Amino acid sequence: MFGRIKKLWEKEKKVMAILNIEGPIRATGEGRFRKEGGTQEILDFLYTLLDKEERLDGLLIRMDTPGGAAAASEEVALLLDRVKKERKIPVVVTMADVCCSGGYMIACVADTLFATRGTMTGSIGCIMQIPNFEGLSKKLGVTYVTIKAGKMKDIGNPSREMTEEEKEYLNGFARETHDIFRNLVLSHRPDIKNQDEMFDGRPVGAVQARENGLIDEFGGYYDAYDHLLHLMGEDNDKHVEFWQIEHKKGFLLRLLGGQSLLSGKDILSLLTDSAIRVR
């Protein structure tokens, strides 16, 4: 369904689930031949953790993501919160190089956030970028005829300048999304300091993040791992088993070494992607 779940469980052993979230966050994968990269696999894994017939004592999440689509990020964050509350387990996040924007939206749900001093995080804001090809179209002698019902139906049309009314409408949508992001973060980390700065979209280094309450501890993967073992009541992992997604790449991906191929249509879809993103 979403790759096999490696589930090694014995009654006398505690169980730690381990989840990796890497790369841009979006609902579907990128590229014609690339099925990995979307959030569905992550959602499926988290939903599996809700099964109360299986033992679960803690969840460790390794994150290395610049963020991505607002809705996809929020969907993962809400399901993670549900897992945390319904299973009554500790959740620990360890940040690698970057955990910004929608990545931080997900990470803030955890009980404890670890980052190295070289990690970049935060970027709590949102952005929508819509290209405009009007000047290029005129140079090429290409014109567009738009037939619509409803004056806002072609909002974001790249063949013309956006009206002030349309800009204000989309600005309102961005502000609404930003408020959702801000409120979600504050519901989990209400003591964040210097909120005017921390919520204006700026990315921050881990030192500043810790000073302002965005993260809790400096440390790498195994610092977070050991901390979660402690929260689970264990001094080491001798009596711990694990749940983890096992990725299975198809023949073409193995042949290409995991690199995706982008057709002209794929490239155009990326250039014209106007989905709102949290930053």
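Buried, as I use the word today, means under 20% relative accessible area, with exposed over 50% and partly exposed in between, all with a 1.4 Å probe and protein chains only. The model is predicted, so local features need pLDDT of at least 70 and side-chain atom pairs count only at pLDDT 80 or more, while totals for chains, interfaces and linings use all residues. Residues are numbered from 1 along each chain as its sequence is written, and side-chain values use heavy atoms, leaving out hydrogens and water.

Let me begin with the cysteines. Taking a disulfide as a pair of cysteine sulfur atoms within 2.5 Å, the count is zero. Cys100 is buried at 5% relative accessibility, but its sulfur lies 7.1 Å from the closest cysteine sulfur, that of Cys99, which is too far for a bond. Cys108, buried with a relative accessible area of 0%, also has its closest cysteine sulfur in Cys99, at 9.4 Å, again too far for a bond.

Turning to the interior, a nonpolar core here is a set of buried Ala, Val, Leu, Ile, Met, Phe, Trp, Tyr and Cys residues joined through side-chain atoms within 4.5 Å. The largest has 50 residues, and those with the most contacts inside it include Leu19, Met95 and Tyr104. With contact meaning heavy atoms within 4.5 Å, and neighbours within four places in sequence set aside, Tyr104 touches Met95, Cys99 and Leu214, among others. Apart from this core lies another, of 11 residues, including Ile18 and Tyr225.

Finally, the backbone: Lys88, though not a glycine, has a positive phi of about 55°, and this residue is exposed, with a relative accessible area of 73%. Ser123, also other than glycine, has a positive phi near 60°, yet Ser123 counts as buried at 9% relative accessibility.
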